[in-house]
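Here's a quick look at how this chain packs on the inside. Have the viewer open and follow along.

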Amino acid sequence: MKKESLANRNKRSTATCATVFLFPVFLFLVVFIFYPIINDFYISGFSWNGISSDMTFIGLKNWQNLIKDTTFWVSFGHNLIIMVFSIILQIPIGLLLATFLEFISKKKKISRVFKTLWFLPYLMSSVAIGFLFTYALATNGGIFSTVSGWFGGGNINLLGNPKTALGTIIVIIAWQFIPFYMVYAMAGYGGISEDVYEASIIDGATKGQYFRYVAIPLLRPTLIAAATLSLVGSLKYFDLIYVMTNGGPGTSTELMATYMYRLSFSEFNMGYGSAVAGGMFILITIIAVLSNTLLNRGGDN
C-alpha cells in the first residue's frame, strides 16, 4: 500500500478541523433557527391553546383564515410604513451626522462630545425608551401637554390618537436607531483613504461636492447593507410598540409581531398565532430577497 501523501493528509486534517469548529455553529442554527421555523409551521396546522396537550388537527384552516384576516394585513401595512420611513429618515440623517463628524475629526475633543451625545439613545434598551416616552407623552404631566398648558392649550394625546400614534412611534424609533446608522456610516468613511479627500480638495472640490460626488459613490455598498438591515429590522419590530401602545389605540399601531404575540400569549390561540408567525416569516423573506436583489443591482450600476 502506498503511503498517503503529505498533501492529502493536510487536506484531511484541514477538513476535520473545519468540521469540528463549524459543528457548534451548525448545531446552533438547527436548534434555534431551523427547528423553530419547522415547528411553527407544524403547530399552525392545529387548534391549540399552547398549554394543554389537547391539539386538534385542522389542516390549512388557520392559513385560510390568515389570508382573509384584515387585522393581519393592516398590521403588515403598518410594518411597511415603518420600513419606508426608517429607510428615508434613519439612514440619511445617520449619514449626515457621520459626515459632520468626519469633517470635524481633527477637532478630537469636540468630535468625542458629539459622538457620545448622539450615540446615547442607541445604548438604551427599547423597553426603557418605551417607558421614557410613554411618561413624556402622557396627557397628565407629559412634556407636550405641560408646554401646551403654559400657552393655554389643552392636553395633547399623541399616543392615544389613532391619527398620530403611528407617526409618533416612527419618530421615536428613528431617534433610537439613527446613532446605529451614524456609526455604520462612520465605519464606511473609515474605509475611504484620506488621500482621496485631500486630492479632491486640491482639485478644487468643496466639502459638499466631495460628499456628493466622491463619498456617496464610495459609500454605496455600506448604504445598501444599512438599508437591508433597516428593512428587515422594521418588518420584525416589536418591543417598543408593545411597551408604548400594545398595538393600540384600536389597531392603529398594530404590527405583525404584536398581533402574533397577542394571539399566542394573550388569547392563547397558539395555532393561529403560529400561522401569523409563519406568514410573517414568508413575507419578510420575500421582501428581504427582492429588496436585496434590487439594491445590489442598483449598486452594480
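This is a predicted model: local features need pLDDT of at least 70, side-chain atom pairs count only at pLDDT 80 or more; totals for chains, interfaces and linings use all residues.

The largest cavity has a volume of about 30 Å³.

Who lines it? Sorted by class, the lining has seven nonpolar residues, one polar and no charged ones.

## Nonpolar cores

The largest nonpolar core has 21 residues, and the ones with the most contacts inside it are Ile 82, Leu 137, Ile 172, Ile 173, Leu 240 and Met 244. At least two core residues each come from α3, α5 (126–136), α7 (165–190), α9 (207–235) and α10 (239–244). The largest share, seven residues, is down to α7.

Zoom in on Met 244: leaving out residues up to four places away in sequence, Met 244 touches Gly 130, Phe 133, Thr 134, Leu 137, Leu 159, Ile 169 and Ile 172. There's also a second, separate core of 18 residues, with Met 83, Met 256, Ala 275 and Met 280 among them.

## Where α3 meets α11

Next, a helix pair. The axes of α3 (residues 70–103) and α11 (residues 256–266) come within 8 Å and cross at roughly 145°. On the α3 side, the contact uses Thr 71, Phe 72, Ser 75, Phe 76 and Asn 79, while α11 brings Met 256, Tyr 259 and Arg 262. By class, that contact splits into four nonpolar, three polar and one charged.

Terms used
Residues are numbered from 1 along each chain as its sequence is written. Side-chain values use heavy atoms; hydrogens and water are left out. Axes are lines fitted to C-alpha atoms, for helices over the stretch in contact, and angles run from 0 to 180 degrees between N-to-C directions. Helices (H or I, at least four residues) and strands (E, at least two) are DSSP runs, numbered from the N terminus. Contact means heavy atoms within 4.5 Å. Ala, Val, Leu, Ile, Met, Phe, Trp, Tyr, Cys and Pro count as nonpolar, Asp, Glu, Lys and Arg as charged, and the others, Gly among them, as polar. A nonpolar core is a set of buried Ala, Val, Leu, Ile, Met, Phe, Trp, Tyr and Cys residues joined through side-chain atoms within 4.5 Å. Buried means under 20% relative accessible area, exposed over 50%, partly exposed in between (1.4 Å probe, protein chains only). On a 1 Å grid over the protein atoms alone, a cavity is a set of points where a 1.4 Å probe fits but cannot get out, and a pocket is an open set with protein on both sides within 12 Å along at least five of seven lines; lining residues have an atom within 4 Å of a point. Grid points are joined across faces, edges and corners, and a volume is the space filled by probe spheres set on the points.
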